[in-house]
Amino acid sequence: MNRRTMLATAAAIGIGFVTLATAASADGLPPLEKKDRYKVGFSQMESNNPWRIAETKSFHDTAEKCGWDLIATDAAGSAAKQVADVDSMIAQGIDVLFLPPREEKPLIPAVMKAKAAGIPTFLVDRSVDPNVARPGEHFVAFLGSDFIDQGRRVAEWTLENFKGEKGIIVELEGTTGSSPANDRRKGFDDVMAQHDNMTIVASQSGDFARDLGRQVMETLLQAHPDVNIVYAHNDEMAIGAIQALELAGRKPGEDVLIVSIDGTRDALQAIIDGKMGVTVESSPFFGPLACEVMQRYANGETIEPWVQVKDRIFTSANAAENLAGAY
């Protein structure tokens with residue numbers, strides 16, 4: 001049994017983790033051997049919305065083109081199951097791991113175990129707590145968008161396009177403890193805090209889900225019937241908010257401005273229909289980028305800690321022309 005196999009086996013069953021982690025750290029990040037085919041692990045966190053489904057499909061579509069034998073799992077929204085899924089992949093001897101962590105802290109053990117097993121890990125679309133696990137040290141790199149900038153761009157567009165005198169804002173947050181929710185809130189809130197005519201009267205998690213977003217909006221609307229701006233951390237919650245507002249007799253796009261992030265087909269259609277003002281893109285198509293970065297790493301290149309994805313912005317000016325290519 002070679003060193004990497006021993007590391008993988010021990011890490012998968014949780015034996016000697018501290019010693020193994022120290023040994024792996026002594027060698028720096030695990031290398032990736034150049035070869036024709038790789039056993040690639042992709043640990044999806046859930047598949048309950050179009051964004052996640054599109055991301056998983058992107059990895060499956062990329063697999064054959066990139067020479068991957070793909071092992072893909074679905075944690076169904078459970079951080080504990082996602083850690084267990086990674087344990088299973090380590091035991092199966094994957095060469096590389098792509099991981100979109102459900103939450104910043106609970107997935108750190110999975111990152112550490114993969115490194116201890118000698119498996120290069122790339123975090124995809126979400127990161128982990130940078131105070132505990134860092135790119136270039138505990139995992140190779142983070143592949144994803146600038147979530148703070150996404151929130152900032154939504155806020156700036158809102159300020160430029162809001163027609164009222166005073167903004168009464170309800171914020172629908174994403175999954176509590178996730179990096180997109182933390183950063184999208186910071187980007188938006190920091191901008192709005194600089195404007196006295198803008199007040200965030202309520203902020204509550206809808207877990208990035210359409211139905212929960214609708215339920216939360218229904219509750220918040222009862223407490224704040226004068227709301228005239230809804231900022232949702234993703235399009236699914238924005239669509240749920242539109243449903244709640246319409247059921248309450250409000251007119252999204254007329255007496256309530258809806259702003260969001262993701263760039264889904266439903267959101268673009270809502271913009272075309274006049275019910276939503278803006279959505280900042282957060283692309284789910286990570287498969288080709290994952291292939292490119294993995295190949296660079298196998299070639300011995302130093303990968304930048306953050307492989308940043310550039311995001312477009314969709315409004316009534318360009319929603320129709322981009323609808324056909326949306327997910």
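Which residues of α5 are buried? In this predicted model, the buried residues of α5 are Ile-108, Ala-110, Val-111, Met-112, Lys-113, Ala-114, Lys-115 and Ala-116.

## Helix α5 and its surroundings

Helix α5 spans residues 108-116. The helix is mostly covered, with 8 of its 9 residues buried. Two lysines, Lys-113 and Lys-115, are among the buried residues of α5. After α5 comes Gly-118, which has a positive phi, near 80°.

## Packing of α4 against α5

Two packed helices are described by the angle between their axes and the distance between the axes. For α4 (residues 79-91) and α5 (residues 108-116), the angle is about 10° and the axes are 9 Å apart. Because angles under 35 degrees count as roughly parallel, α4 is roughly parallel to α5.

On the α4 side, the contact is made by Val-83, Val-86, Asp-87 and Ile-90. On the α5 side, Ala-110, Lys-113 and Ala-114 take part. By class, the residues of this contact divide into 5 nonpolar and 2 charged, with no polar residue.

An α-helix has 3.6 residues a turn, so residues three or four places apart point the same way.

## Leu-159 in helix α6

Leu-159 belongs to helix α6, which covers residues 147-161. The relative accessibility of Leu-159 is 25%, so this residue counts as partly exposed; the cut-off for buried is under 20%.

Leaving aside neighbours within four places in sequence, Leu-159 is in contact with Val-191, Met-192, His-195 and Met-198.

Rolling a probe the size of a water molecule over the atoms shows where empty space is left. The model has 1 cavity of 30 Å³ or more. About 150 Å³ of space lies in the largest cavity.

The largest cavity is lined by 16 residues, of which Trp-51, Arg-52, Arg-126, Arg-184 and Asp-262 are the closest to its centre. The lining divides into 6 nonpolar, 4 polar and 6 charged residues.

How values were computed: Residues are numbered from 1 along each chain as its sequence is written. This is a predicted model: local features need pLDDT of at least 70, side-chain atom pairs count only at pLDDT 80 or more; totals for chains, interfaces and linings use all residues. Side-chain values use heavy atoms; hydrogens and water are left out. Axes are lines fitted to C-alpha atoms, for helices over the stretch in contact, and angles run from 0 to 180 degrees between N-to-C directions. Helices (H or I, at least four residues) and strands (E, at least two) are DSSP runs, numbered from the N terminus. Angles under 35 degrees count as roughly parallel, over 145 as roughly antiparallel, 65 to 115 as roughly perpendicular and the rest as oblique. Contact means heavy atoms within 4.5 Å. Ala, Val, Leu, Ile, Met, Phe, Trp, Tyr, Cys and Pro count as nonpolar, Asp, Glu, Lys and Arg as charged, and the others, Gly among them, as polar. Buried means under 20% relative accessible area, exposed over 50%, partly exposed in between (1.4 Å probe, protein chains only). On a 1 Å grid over the protein atoms alone, a cavity is a set of points where a 1.4 Å probe fits but cannot get out, and a pocket is an open set with protein on both sides within 12 Å along at least five of seven lines; lining residues have an atom within 4 Å of a point. Grid points are joined across faces, edges and corners, and a volume is the space filled by probe spheres set on the points.
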